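The points are grouped by topic, and each term comes with its cut-offs.

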Amino acid sequence: MPAKLSHDDYADMLVTSTEAMFVSGRPLMSRIIPDGITPEIWEHYPQGDVVNGPAGSRYFYHCHPPGERLNGEHGHFHLFFDKSAMPGGTVPKIAPPFIERNEPRADVVHIAALSISSQGLPLQWFGTNRWVTDEWLFPAYAVIAVLNQFDLRGPSGDSLVNEWLTAMVGVARKQIEDLLNQRDAQLNALDETGEDRAVEVTGSAQISLENLFERA
């Protein structure tokens, strides 16, 4: 990101990208999953994810089986940095276990997940345990320190979706910071290994549509 954006800048970006999608007749979800396509459970949309910018900002969207979805959820975005974006000298809180792979792993750091309703509206943010996204789990303070570098704008993916997700992270910074801190506290108390399948969602924050576009 060439310059640090303010909350108002992100709010403006959220308004303009939302309006542009509406005017185009192609709302958010039709840009993620083409009309007439039934999404495959667990499949990443788009295939190969979207990765842009010097911080390796990344997202994919997917759907869990109906019985494993949050209330009212269609699916959710997972948002990441590349591991290389973490502050120099910072040691991961939990590293991935070594597993023989046929393909190189994506060395990602999870920021948060954004749940979307069946109507294509944002429902809530939530945090996850390490195993959920097979991430390099860095301490909350390290991820928070580089949150202003999250910027999906670039050649990969749909430009309006990229702007919308970038703006969503920008306007929800405080909620995301709280979720990252809550995640660390939950893992310290319940699962220091990051591998317990009984510990999946580490916290959530509801999204108020009435307040979503408010400027600071």
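Ala113 counts as buried because its relative accessibility is 0% (buried means under 20% relative accessible area, exposed over 50%, and partly exposed in between, using a 1.4 Å probe and protein chains only). Ala113 lies in strand E4 (helices, H or I of at least four residues, and strands, E of at least two, are DSSP runs numbered from the N terminus). This is a predicted model, where local features need pLDDT of at least 70 and side-chain atom pairs count only at pLDDT 80 or more, while totals for chains, interfaces and linings use all residues. Residues are numbered from 1 along each chain as its sequence is written, and side-chain values use heavy atoms, with hydrogens and water left out.

**Around Ala113**
- Setting aside neighbours within four places in sequence, Ala113 is in contact with His76, Phe77, His78, Gln124, Trp125 and Phe126 (contact means heavy atoms within 4.5 Å).
- Ala113 and Gly75 are 38 residues apart in sequence, and their C-alpha atoms are 10.0 Å apart in space.

**Nonpolar core**
- The largest nonpolar core has 51 residues, of which Phe77, Phe81, Trp125 and Trp164 touch the most other members (such a core is a set of buried Ala, Val, Leu, Ile, Met, Phe, Trp, Tyr and Cys residues joined through side-chain atoms within 4.5 Å).
- Helix H5 gives the most to this core, with eight residues.

**Aromatic rings**
- The whole structure holds four aromatic pairs (rings of Phe, Tyr and Trp, the last by its six-membered ring, pair if their centres lie within 6.5 Å; planes under 30 degrees apart count as stacked, over 60 as edge-to-face and the rest as tilted).
- Phe81 and Phe150 make an edge-to-face pair, because their ring centres are 5.9 Å apart and their planes are at 80°.
- This pair links distant parts of the chain, 69 residues apart: Phe81 is in strand E3 (residues 73-82), and Phe150 is in the loop between helix H4 (140-145) and helix H5 (159-171).
- Phe81 is buried at 0% relative accessibility, and Phe150 is buried with a relative accessible area of 1%.
- One aromatic cluster is formed by Tyr59, Tyr61 and Phe77.
- Lys83 lies over the face of Trp136, 4.5 Å from the ring centre (a charge sits over a ring if NZ of Lys or CZ of Arg is within 6 Å of the ring centre and within 35 degrees of the ring normal).

**Helix H6**
- The 18 residues of H6 (residues 173-190) should span 26 Å at 1.5 Å a residue, and the end C-alpha atoms are 25 Å apart, which agrees (the expected span is 1.5 Å times one less than the number of residues).
- Buried in H6 are Ile176, Glu177, Leu179, Leu180, Arg183, Asp184 and Leu187.
- These residues are on the same side of H6 because they cover an arc of only 165° around the axis (the arc is that of the directions from the helix axis to the C-beta atoms).
- Strand E4 (108-117), strand E5 (122-128), H4, H5 and strand E6 (201-206) are among the elements that cover the buried residues of H6.
- The face of H6 turned away from its buried side carries the exposed residues Lys174, Ala189 and Leu190.

**Backbone points to check**
- Tyr45 and Pro46 are joined by a cis peptide bond, with omega about -5°; Pro46 lies in strand E1 (residues 45-52).
- Trp42 is not a glycine, yet has a positive phi of about 75°.
- Trp42 sits in the loop between helix H2 (28-32) and E1, and is partly exposed at 43% relative accessible area.
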